[in-house]
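This report describes a protein chain together with its ligand. Please keep the sequence and the structure in view while reading.

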Amino acid sequence: MSRALRGEHPQVHPLPAAAEMVHATAFLLVLSLAVVAPVLSTGKCVLAGNWTNDLGSNMTIIMNSKCNFSGSYSTAVSETPEKIEKSPLRGSQNYRNLTQPVFGFTVNWTFTDSVTVFTGQCFVDETGKEVLKTMWLLRSHADSIKDDWTATRVGTNVFTRQPSQKE
Ligand code: BTN
């Protein structure tokens, strides 16, 4: 007669399922540590590298010295019908706090007669991810002084680091 028919509890094997869960949890823990550890270990936000923002624009920042940088900006959007071109940027970061630095840069658009200035701060968020919180002013060309009031737009962009591309 089976154990069930005899009124006994069927035999349960809790160990293999529990062991699998422990393995999976340990694996996820190691994986997440590997992703955030480089930033968490220093707690430092570094401007150099490739970034993408909430509009889908991409930029590359290259440090030229401790404070000054240059690079390029590919905007995903434009207020002109012109064909978008990758455009140069130049900027600087404040040297007094290089852990989560405050910075500013200018993009001089090559495909139209406007300029954008960005200012912001490089933060390490609660998950250990670097994020650039910025505000910008986009100055377009006004045909006359009377139209000056129409020519400046303001907004915000949040940039996150593009995942590094391995060959
Ligand atoms: C222009 O249309 O005059 C030039 C391109 C402007 C693109 C703006 S700059 C602020 C905002 N953030 C982006 O990534 N793109 C737009």
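## Basis of the description

A pocket is defined on a 1 Å grid over the protein atoms alone, as an open set of points with protein on both sides within 12 Å along at least five of seven lines. A molecule sits in a pocket if more than half of its atoms lie within 2 Å of the grid points of that pocket.

The model is predicted: local features need pLDDT of at least 70, side-chain atom pairs count only at pLDDT 80 or more, and totals for chains, interfaces and linings use all residues. Residues are numbered from 1 along each chain as its sequence is written, and side-chain values use heavy atoms, with hydrogens and water left out.

## The ligand and its surroundings

The second largest pocket holds the ligand. Around the ligand are 16 residues, of which S57, Y73, E79, S114 and N157 come nearest; a residue is counted as near when one of its heavy atoms lies within 4 Å of the molecule. By class, this shell comprises 7 nonpolar, 8 polar and 1 charged residues. In this classification Ala, Val, Leu, Ile, Met, Phe, Trp, Tyr, Cys and Pro are nonpolar, Asp, Glu, Lys and Arg are charged, and the others, Gly among them, are polar.

A nitrogen atom of the ligand lies 2.7 Å from a polar side-chain atom of N157. For E79, a polar backbone atom is 2.8 Å from an oxygen atom of the ligand. The side chain of N53 places an N or O atom 3.0 Å from a ligand oxygen atom. The protein buries 98% of the 410 Å² that the ligand exposes when taken alone, with areas from the Shrake-Rupley method and a 1.4 Å probe.

## Overall architecture

The chain contains 1 helix and 8 strands, in the sequence order α-β-β-β-β-β-β-β-β. Helices (H or I, at least four residues) and strands (E, at least two) are DSSP runs, numbered from the N terminus. Of the 167 residues in the chain, 28% are buried. Buried means under 20% relative accessible area, exposed means over 50%, and partly exposed lies in between, with a 1.4 Å probe and protein chains only.

## Buried strand residues with polar contacts

T116 belongs to strand β6, which covers residues 115-124. Its relative accessible area is 4%, so T116 is buried. The side chain of T116 makes a polar contact of 2.8 Å with the side chain of W109.

S87 is located in strand β4 (residues 87-93). S87 counts as buried because its relative accessibility is 2%. Its side chain reaches the backbone oxygen of E85 at 3.1 Å.

## Partly exposed residues and their partners in space

Strand β2 spans residues 58-63 and includes N58 as well as M63. N58 has a relative accessible area of 34% and is therefore partly exposed. Although N58 and Q162 are 104 residues apart along the chain, their C-alpha atoms are separated by 8.6 Å. M63, with a relative accessible area of 27%, is also partly exposed.

G43 lies in the loop between α1 (14-42) and β1 (49-53). A relative accessible area of 27% makes G43 partly exposed. The C-alpha atom of G43 is 8.4 Å from that of Q100, a residue 57 positions away in the chain. V102 is part of strand β5 (residues 102-108) and, at 42% relative accessibility, counts as partly exposed. V102 and Q121 are 19 residues apart in sequence, and the distance between their C-alpha atoms is 4.3 Å.

Methods
Polar contact = N/O pair within 3.5 Å; in protein donor to acceptor, adjacent residues only side chain to side chain. 1 Å grid on protein atoms, 1.4 Å probe; cavity = no way out; pocket = protein on both sides within 12 Å on 5 of 7 lines; lining within 4 Å.
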